[in-house]
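Here is a quick tour for anyone meeting this structure for the first time.

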Amino acid sequence: MRRRRVPAWAGGLVLALGVAVAGLWLAQGVWLRAAVERMQAASDGALRVEGLEAVRLDGLVAAAVHWRGDGVAVRGEGVRLRWNPLALLGGQLRVLRLEAQTIELEATASTVPAAWPASLAPPLPLRIDALAVRRLVLRPAPGNPAWTLDDVQAALRHGDGVWTLERLELGALAGPSLGPWTVQALRLRGRVGDAPPFATTLEGEVRVAAPTLAPLLGSPRLEDYTRLTTGIVGDRTGYHL
């Protein structure tokens with residue numbers, strides 16, 4: 001049986017495609033790093049990224065990300081981002097997965113009075129398919145006890161003037177004002193307008209526990225007492241359950 005000869009140009013084409021893909025990978029990494037560096041420079045010191053690396057064509061890894069604004073300081077550790085660059089062709093910023101080992105948000109001294117923002121709209125329509133934070137720490141004021149949320153999972157999107165929370169789940173919540181109670185699980189979904197009066201609709205389920213109260217209730221299983229399904233409707237002028 002005669003063996004078919006492969007045209008000489010075919011090998012050259014494969015080599016050229018390989019070089020092009022490698023060049024695209026390198027260019028993507030360089031472009032992503034340059035974009036983050038420009039963002040840091042434009043922030044006038046508010047944004048600082050440590051240990052930045054580009055991963056494949058669609059990802060970034062950072063050892064730590066710091067943001068300090070007027071009234072809030074944010075620190076994220078072990079941050080990983082995967083996004084879909086092709087979505088920009090359709091005018092959308094699409095994040096496939098954003099995760100962090102730890103995120104800390106702390107209220108700081110502000111030079112301006114607290115006020116509602118004029119808008120919550122991002123520059124482009126935005127979709128985050130998966131947000132995962134191993135531990136989220138909220139510090140309401142310097143020196144005050146912190147609230148800790150573990151295993152936060154969420155998916156959300158923005159479009160047509162509305163933020164849609166497709167899901168928000170957390171595995172546990174602990175804070176200074178809960179007394180003997182701990183939140184074992186929380187699930188929420190809803191919608192929030194991106195402009196005043198920020199019309200809001202939330203519904204979900206919360207499960208809490210209080211082991212020290214179990215003898216008083218006469219049952220070691222508190223699920224019978226502590227599962228609550230509720231909703232919140234309103235806007236910045238007032239909310240009701």
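A salt bridge here is a side-chain nitrogen of Lys or Arg within 4 Å of a carboxyl oxygen of Asp or Glu. This is a predicted model, where local features need pLDDT of at least 70 and side-chain atom pairs count only at pLDDT 80 or more, while totals for chains, interfaces and linings use all residues. Residues are numbered from 1 along each chain as its sequence is written, and side-chain values use heavy atoms, with hydrogens and water left out.

The structure holds 11 salt bridges. One of them pairs Asp-129 with Arg-94, with 3.0 Å between the closest N and O atoms. That pair links distant parts of the chain, since Asp-129 sits in strand 6 and Arg-94 in strand 5 (residues 93-107), 35 residues apart. Strands are DSSP runs of E, at least two residues, numbered from the N terminus.

Two other pairs look like this:

| Pair | N to O distance |
|---|---|
| Arg-127 and Asp-129 | 2.8 Å |
| Arg-157 and Glu-166 | 2.5 Å |

Arg-94, Arg-127, Asp-129, Arg-157 and Glu-166 are linked in a network of salt bridges. Asp-129 is partly exposed at 23% relative accessibility, and Arg-94 is too, at 28%. Partly exposed lies between buried (under 20% relative accessible area) and exposed (over 50%), using a 1.4 Å probe and protein chains only.

Strand 6 (residues 126-139) also contains Val-137. Val-137 is buried, at 8% relative accessible area. Leaving aside residues up to four places away in sequence, Val-137 touches Ile-103, Glu-104, Leu-105, Ala-146 and Trp-147, where contact means heavy atoms within 4.5 Å.

Notes. Helix = DSSP H or I, 4+ residues; strand = E, 2+ residues; numbered from the N terminus.
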